[in-house]
2 protein chains.
Amino acid sequence: MGTKDEMIKAEVLAQAQKLFRHYGLTKTTMEDIAKAAGKGKSTLYYYYKSKEEIYKEVVMGEMNETFSFLKEAVEAAETAEDKLRAYSLTKFRVLQEKVNLYTVICGDIESNFQLMMELHKNYESQELQLVKAILDLGQERGEFPGIINANTDQLAFTMVCAGRGLQMGLVFNNNFVDLDSRIDLMSRILMYGLKGENPAQK
Amino acid sequence: MGTKDEMIKAEVLAQAQKLFRHYGLTKTTMEDIAKAAGKGKSTLYYYYKSKEEIYKEVVMGEMNETFSFLKEAVEAAETAEDKLRAYSLTKFRVLQEKVNLYTVICGDIESNFQLMMELHKNYESQELQLVKAILDLGQERGEFPGIINANTDQLAFTMVCAGRGLQMGLVFNNNFVDLDSRIDLMSRILMYGLKGENPAQK
DNA sequence: TTTTTGACTAAAAACGTTTTGCAGTCCGAA
DNA sequence: TTCGGACTGCAAAACGTTTTTAGTCAAAAA
């Protein structure tokens, strides 16, 4: 009965997600999840190997959602330029949404640093690939004469890191004012930079 | 006898700095500092109000040093473009050094988050001003037609945040390879972006 | 008078023990 | 096959005790 099985798993996950958002990893007990899902605690272990597995699944779901938004937006765009713009725009939009949801995560990160790092690393490498692909495309199509012969790996790393720093800044200062115009400005600068002529002029 | 007074204070600070670098804030005791400075513990309280004051002074000294390097490099440059380039180059150079010096910092930051934030905030606002000043100058001199009418406050914020994100990435991955070429590439992109023509072409 | 210090205190950290809360198991029921 | 409740073991909280350490003070030294 694969279908029913899947449905229960999904329900458990959905409830767990709700609870994790409110209370974080440690403060959410397996009993809480079981109750919310209308099941007994041990039933959860029929579907999932451990609490950590549930948590991982929830967080990865969240990340995958984010990433698929990103990917979708990127794929919808035609030129590398538009892709890059769509990437940054979507990224910050999604962040803005998620920030409101996950109030607790920060505490979670502190107390479970290892796990979060593991998950994050995986996610970041996906994003790195995405950005690198865009840059490579742009380079291939000659959209970015400014970075001819540049190491797109490094550039992608730089851009992703910078993006994260900016995200942190925004979250920390709760400084989401004028987000759109700011993103626009930033991507304009980035775009012109990528498109700029080769450094003949000193 | 202001001079002798100053000398002793400086000596205490120097010893404290050495110890903090090795052992961090909590693992360094006032007795350690006193012994290293060749004084009795209570003597320290004749010169400093508290351990925290000593620590603050040390960290602020470190930050001021960093900042004065930055400022010096920026002032030495002529054009806003060169200033900006000098800024990023120096910033990462200094970071690289400090990272080697301070082996403990991560643990310290975790256990004394509040204090570090306070100090960092102060420092960051200085840096924000510096960057903004460069941008304003560039705008004024017409070096940056790409950002005409742009909000340089926001742009400075963005750049400083992005820089910090990149720093984090570098430190975390211990990824200082090709630092120079990477900085060069990034600042080239940034420069062309700032200089780019106004967005007439879509 | 200015500097320095050893003796003191109060508060916090470290340590060892007990208790408890919860993840995860097992067995039996449906 | 699906589930729940009782059970186990472990890891973290709670608690009391001891040690360490930041900070004070009054008195000695310079």
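Is Phe67(A) buried or exposed? With a relative accessibility of 10%, Phe67(A) counts as buried, where buried means under 20% relative accessible area, exposed over 50% and partly exposed in between, with a 1.4 Å probe and protein chains only. This is a predicted model, in which local features need pLDDT of at least 70 and side-chain atom pairs count only at pLDDT 80 or more, whereas totals for chains, interfaces and linings use all residues. Residues are numbered from 1 along each chain as its sequence is written, chains are lettered from A and ligands numbered from 1 in the order in which they are written, and side-chain values use heavy atoms, with hydrogens and water left out.

Chain A as a whole gives the setting. It has 9 helices and 0 strands, where helices (H or I, at least four residues) and strands (E, at least two) are DSSP runs numbered from the N terminus. The C-alpha trace of chain A spans about 70 × 40 × 25 Å along its principal axes, and of the 202 residues in chain A, 45% are buried. Among the contacts in chain A with a separation of 6 or more, 74% are between residues 24 or more positions apart, a contact being heavy atoms within 4.5 Å.

A search of the whole structure finds 6 aromatic pairs over all chains; rings of Phe, Tyr and Trp (its six-membered ring) pair if their centres lie within 6.5 Å, and planes under 30 degrees apart count as stacked, over 60 as edge-to-face and the rest as tilted. One of these pairs joins Phe67(A) and Tyr123(A) edge-to-face, at 6.3 Å centre to centre and with 85° between the planes. Because Phe67(A) lies in helix 4 (residues 51-76) of chain A and Tyr123(A) in helix 7 (residues 113-140) of chain A, the pair ties together parts that are 56 residues apart in sequence. Tyr123(A), at 11% relative accessibility, also counts as buried. In chain B, Tyr46(B) and Tyr47(B) form an edge-to-face pair, with 5.1 Å centre to centre and 90° between the planes; Tyr46(B) is exposed, at a relative accessible area of 65%, while Tyr47(B) is buried at 16%.

Rings also take part in another kind of arrangement, in which a charge sits over a ring if NZ of Lys or CZ of Arg is within 6 Å of the ring centre and within 35 degrees of the ring normal. In chain A, the charged end of Lys9(A) sits over the ring of Tyr48(A), 4.8 Å from its centre, and in chain B, Lys9(B) lies over the face of Tyr48(B), at 4.8 Å from the ring centre.

The packing of helices comes next. Helix 7 of chain A and helix 8 (residues 152-173) of chain A pack at an angle of about 125°, with their axes 8 Å apart; axes are lines fitted to C-alpha atoms, for helices over the stretch in contact, and angles run from 0 to 180 degrees between N-to-C directions. The two helices are therefore oblique to each other, given that angles under 35 degrees count as roughly parallel, over 145 as roughly antiparallel, 65 to 115 as roughly perpendicular and the rest as oblique. Residues making this contact include His120(A) and Leu128(A) of helix 7 of chain A, and Phe157(A) and Arg164(A) of helix 8 of chain A. In chain B, helix 4 (residues 51-76) and helix 7 pack at an angle of about 15°, with their axes 11 Å apart, which makes helix 4 of chain B roughly parallel to helix 7 of chain B. Among the residues in that contact are Phe67(B) of helix 4 of chain B and Tyr123(B) of helix 7 of chain B.
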